[in-house]
Amino acid sequence: MLLPVTAVLVAFLGWPLLLVLWESLFVGGGLSHGNYASLFTRSLYRESFFTSLALSVSTAFLGTVIGLPLSYAIHRSGRHKGFLMALTSVPLTFSGLVVGFAFIVLLGTSGFFTLLLKRFVDINPLEFSAFLFTWRGLVVAYLYFLVPRMILTMTVAWSNADWSLMEAATSLGAGGGTVFFRVLLPMLGPAILSGSSLLFAVSMGAFGTAFALTGSAVKILPMVIYTQVSDMSSDIAQADALAIILTVTTTLVIMVYERTFREVK
Amino acid sequence: MNDVKSAKNDSKNGVELVGVGKMYGNVHAVRDVSLAVKEGEFLSVVGPSGCGKTTMLRMISGFVAPDSGDVRIGGASMKGVPPRKRRVGIVFQNYALFPNMTVYENVAFGMKAQKWPEDRIKDKAAALLEMVGMEDRAGAYPRHLSGGQQQRIALARALAIEPRVLLLDEPLSALDAKVRNTLRFEIKRIQRNSGITTVYVTHDQEEALSISDRVALMRGGALEQLGVPAELYASPASEFAADFIGVNNIMRGVYQGDGRFVWNGRTLFVETKRDPGPAAMMVRPERFAPAEAGPVLNEPNINILEGRVVGKVFLGPLTRVAFSVDGATLLMDLLSAAGEPLSAGDPLRARFAAADAHLL
Ligand SMILES: Nc1ncnc2c1ncn2[C@@H]1O[C@H](COP(=O)(O)OP(=O)(O)OP(=O)(O)O)[C@@H](O)[C@H]1O
Ligand SMILES: [Mg+2]
């Protein structure tokens, strides 16, 4: 059992990563850590790194806060549950590019909702939709495919939830707040942790939606990596180094995050 | 069955159900149940799966609102009183301990929620943990305890808020037989010492008979019989009750009056005050005994049935023998050590006293 799993992990995760790591260590034919140092020396890399972090932390947080009540509502929706679950999965089947274009068509400068809104309220379409092409706009667009992921994770947790814990707490005299924070949240804790970690990891690596919406205007790390690979002045080794940084950061943040909250619980 | 006394006489912590009913869709989970649990009484509720035991408990605790009728605690109607204000302690089948809290924190939870002073919480928690024999595990987490230990903590936690009523929903059914047996008497001891009004749901009739002041038997949401254990055991009110309490021999025939019951053409003696007519006679398996060989002479007060052994099951101290009489199969329990071994096909004479037959 362990052997095939290890083999698959090595073949499809370990080996490619090792190749990328190896390539990233060469500058002009010689071994160097220069491609990593440039994260600190070149402001483009530094900024894109922090933009990616800000974007991913925001989407993970908002996606969790929005997904939690929605997942509960779907869990309690009785005979409509199957339909709502199916509907929830739809955004997951779209590629990031499609989501990006959908947002332009709906909320862009001449988007459907923008024009509709303009009819009734005095807005400047240009100013209104400008928001969409900043990293905050990306947060909104990302939530479109992240919230469903949160919901799918949480509906499993809701159906495994032990409601007698809540009844026990209530019968002991606990009020709504105490039951929520001392009983319900700790019970859902593992699911919330893995759900929000998933959202964080997906936003760190997501690319298509941002590309469709902003081209390469908003500098996020995956976009910078992409430009390194595709531009005339391509620098594969630099792209490799940034990819390693992206992978390591994502893994580290999730590890620290999960460890912290497991302890608190 | 309708011994709902006036609330005034029943002291302040009794529970009364007055014509309580609850429907789920078109399922009558509980129908028109009236019963009074006196202060300090230990009442067991038994009955087959789905007969409404849990629903009844949840109406007392307030998590289910009755469609009709009224639940009263200490004489006061609980209409509109939310569960957290009822001061009802609950022990669940799956323990329902808070997994993220230690044993001590679990027991202290209710007292903290009710804002007791810190030192009083400490004293009370320590006393409760000692009472259930868990004082040295105060710092442990529930997942490190056995099922029996978890249920002890659950009991301590429920009692911590000094509830007016204690409700237990099949608290022992997830435990193995040995733990179940010790814990049931421990629950009884703790209940007696604290004098708390208790409603105990179980599907195990033996458990109910052994620890209760009274037993309520439910069937299809309604109360089938309510009485002290000896009464339920000796005079079940219906075939259903008899079957549930463990009478396995039910003989249908006609009561002719004057202590004579005719079954399959045989006349059997029975002690009863009922009127003649079709009836069912019940005899417990342990009331049968092998009879000496000889002519079938049914003297008054003793009945003898002749038949053949069809099989037997070894039950430890008892051996249950199935024998057939005129095509009907009856069961007899014998002490395992006693007598010559019977085997299938052997002729058998079984006797039972008229006083041991119960006529319905
Ligand atoms: N929330 C609910 N929704 C719909 N039907 C319910 C609900 N709760 C109980 N019922 C139905 O009401 C009836 C009584 O259920 P209840 O749980 O009270 O039985 P019980 O005696 O506790 O059974 P068991 O011994 O299996 O625990 C059953 O037919 C059950 O299916
Ligand atoms: Mg039940």
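A polar contact is a pair of N or O atoms within 3.5 Å; within protein, one atom must be able to donate a hydrogen and the other to accept it, and residues adjacent in sequence count only if both atoms are side-chain atoms. Keep that rule at hand for the views below.

This is a predicted model, in which local features need pLDDT of at least 70 and side-chain atom pairs count only at pLDDT 80 or more, while totals for chains, interfaces and linings use all residues. Residues are numbered from 1 along each chain as its sequence is written, chains are lettered from A and ligands numbered from 1 in the order in which they are written, and side-chain values use heavy atoms, with hydrogens and water left out.

**View 1. The two domains of chain A.** Chain A is divided into domain 1 (1–32) and domain 2 (43–264), with bounds that come from an automatic or database domain assignment. The C-alpha centres of these two domains of chain A lie 29 Å apart.

**View 2. Where the domains of chain A meet.** Six residues of domain 1 of chain A are in contact with six residues of domain 2 of chain A; contact means heavy atoms within 4.5 Å. The area buried between these domains of chain A is about 480 Å², and carbon and sulfur atoms give 71% of it. Buried area is the accessible area (1.4 Å probe) that two parts lose on being put together, summed over both. A:Val20, A:Glu23 and A:Ser24 supply 65% of what domain 1 of chain A buries against domain 2 of chain A, more than any other three residues. Between domain 1 and domain 2 of chain A, the count is zero residue pairs in polar contact (both at pLDDT 80 or more). Helix α1 (residues 2–24) of chain A provides five residues, the largest share of the side of domain 1 that touches domain 2. Helices (H or I, at least four residues) and strands (E, at least two) are DSSP runs, numbered from the N terminus.

View 3. A:Thr250 sits in helix α13 (residues 236–264) of chain A. Is this residue, A:Thr250, buried or exposed? A:Thr250 is buried, with a relative accessible area of 11%; buried means under 20% relative accessible area, exposed over 50%, and partly exposed in between (1.4 Å probe, protein chains only). Not counting residues up to four places away in sequence, A:Thr250 touches A:Phe200, A:Ala201 and A:Met204.

**View 4. Chain B against chain A.** Here 21 residues of chain B are in contact with 17 residues of chain A. The two chains, B and A, bury about 1700 Å² between them, 64% of it on carbon and sulfur atoms. On the chain B side, B:Arg84, B:Asn100 and B:Phe109 lose the most area to chain A, together 32% of what that side buries.

**View 5. The salt bridge between chains B and A.** Across this interface of chain B and chain A the rule finds one salt bridge, defined as a side-chain nitrogen of Lys or Arg within 4 Å of a carboxyl oxygen of Asp or Glu. The partners are the side chains of A:Glu167 and B:Arg58 (2.6 Å, N to O). Seven residue pairs are in polar contact between chain B and chain A (both at pLDDT 80 or more). Helix α2(B) gives the most to the side of chain B that touches chain A, with three residues.

**View 6. The two domains of chain B.** The domain assignment of chain B gives domain 1 (13–237) and domain 2 (247–359). Their centres, taken over C-alpha atoms, are separated by 40 Å.
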